[in-house]
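Here's a quick briefing to read with the model open beside you. Have a look at the fold, then work through the points below.

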Amino acid sequence: HIDIPTDIKYKIKTTGIHTSQFIINLIKNASEAVAEQEFRRVDLSAVIKNENELIVEVYDNGPGVPEDHIDKIFKQNFSTKGDKGNGIGLYICKKNIIKSGGSMKYDREYTEGAKFIVSLPVEKIDE
């Protein structure tokens, strides 16, 4: 689901991270999380809010993040993937999103898998 007006152009303000980098990281993580599911679902939603904020949500129907790991998933070198992960993807993404004036969080209230919400500042581009 993408809900961004097509008649207005926006510039996403980021520092140290390309917008596609965090989206790819979140989709890759979600895809790995649903690998064992019979029916696999990974969704992406992007919406411009109040004409100055891009909200991106990536959610899946995997097992979700265990409650005792939620406070650790954005810490450097923490991974829920064992030998398959190095624990820097979410850390780097969140660090650079915050540096850009945005935020990144795990939605604890989503119960059908995992859901990550990213907010980034945007500005209109005058042509």
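Which residue in strand 4 does Val47 stand opposite? That would be Ile55. Before going further, note that this is a predicted model, where local features need pLDDT of at least 70, side-chain atom pairs count only at pLDDT 80 or more, and totals for chains, interfaces and linings use all residues. Residues are numbered from 1 along each chain as its sequence is written, and side-chain values use heavy atoms, with hydrogens and water left out.

**Overall layout**

- The protein has two helices and six strands, taken as DSSP runs numbered from the N terminus (helices are H or I with at least four residues, strands are E with at least two).
- Of the 127 residues in the protein, 36% are buried; here buried means under 20% relative accessible area, exposed over 50%, and partly exposed in between, with a 1.4 Å probe and protein chains only.
- Among contacts (heavy atoms within 4.5 Å) with a separation of 6 or more, 61% come from residues 24 or more positions apart.

**Helix 1**

- Helix 1 takes in residues 19-33, 15 residues in total, and reaches 22 Å from first C-alpha to last, close to the 21 Å expected at 1.5 Å a residue; the expected span is 1.5 Å times one less than the number of residues.
- Its buried residues are Thr19, Phe22, Asn25, Leu26 and Ala30.
- They sit on the same side of helix 1 because they cover an arc of only 150° around the axis, the arc being that of the directions from the helix axis to the C-beta atoms.
- An α-helix has 3.6 residues a turn, so residues three or four places apart point the same way.
- What do the buried residues of helix 1 pack against? Their partners are strand 2 (10-12), strand 3 (42-49), strand 4 (53-60), helix 2 (89-99), strand 5 (103-106) and strand 6 (115-124).

**The strand 3 and strand 4 hairpin**

- Strand 3 and strand 4 run antiparallel and are joined by eight bridges; strands pair if DSSP finds at least two bridges between them.
- Three residues separate the two strands of this hairpin.
- Asn50, in the loop between strand 3 and strand 4, has a positive phi near 55° without being a glycine, and it is exposed at 60% relative accessible area.
- Glu51 lies in that loop between strand 3 and strand 4 and also isn't a glycine, yet has a positive phi of about 60°; with 44% relative accessibility, Glu51 is partly exposed.
- Most residues other than glycine have a negative phi.
- Over in strand 4 you'll find Glu57, which counts as buried at 19% relative accessibility.
- Leaving aside residues up to four places away in sequence, Glu57 touches Asp43, Leu44, Ser45, Lys115, Phe116 and Ile117.

**Aromatic rings**

- Rings of Phe, Tyr and Trp (its six-membered ring) pair if their centres lie within 6.5 Å, with planes under 30 degrees apart called stacked, over 60 edge-to-face and the rest tilted.
- The count by that rule is three aromatic pairs.
- One of them is Phe74 with Phe116, edge-to-face at 6.1 Å centre to centre and 90° between the planes.
- Phe74 is in the loop between strand 4 and helix 2 and Phe116 is in strand 6, so this pair ties together parts 42 residues apart in sequence.
- Phe74 is buried at 15% relative accessible area, and Phe116 is buried too, at 10%.
- Tyr106 and Phe116 also pair edge-to-face, 5.2 Å centre to centre with 70° between the planes.
- With Tyr106 in strand 5 and Phe116 in strand 6, that pair ties together parts ten residues apart in sequence.

**Charges over rings**

- A charge sits over a ring if NZ of Lys or CZ of Arg is within 6 Å of the ring centre and within 35 degrees of the ring normal.
- Lys94 lies over the face of Phe74, 4.4 Å from the ring centre.
- Lys115 lies over the face of Tyr59, 5.7 Å from the ring centre.

**Around Ser100**

- Ser100 is in the loop between helix 2 and strand 5 and is buried at 9% relative accessibility.
- Ser100 and Ile12 are 88 residues apart along the chain, with 9.4 Å between their C-alpha atoms.
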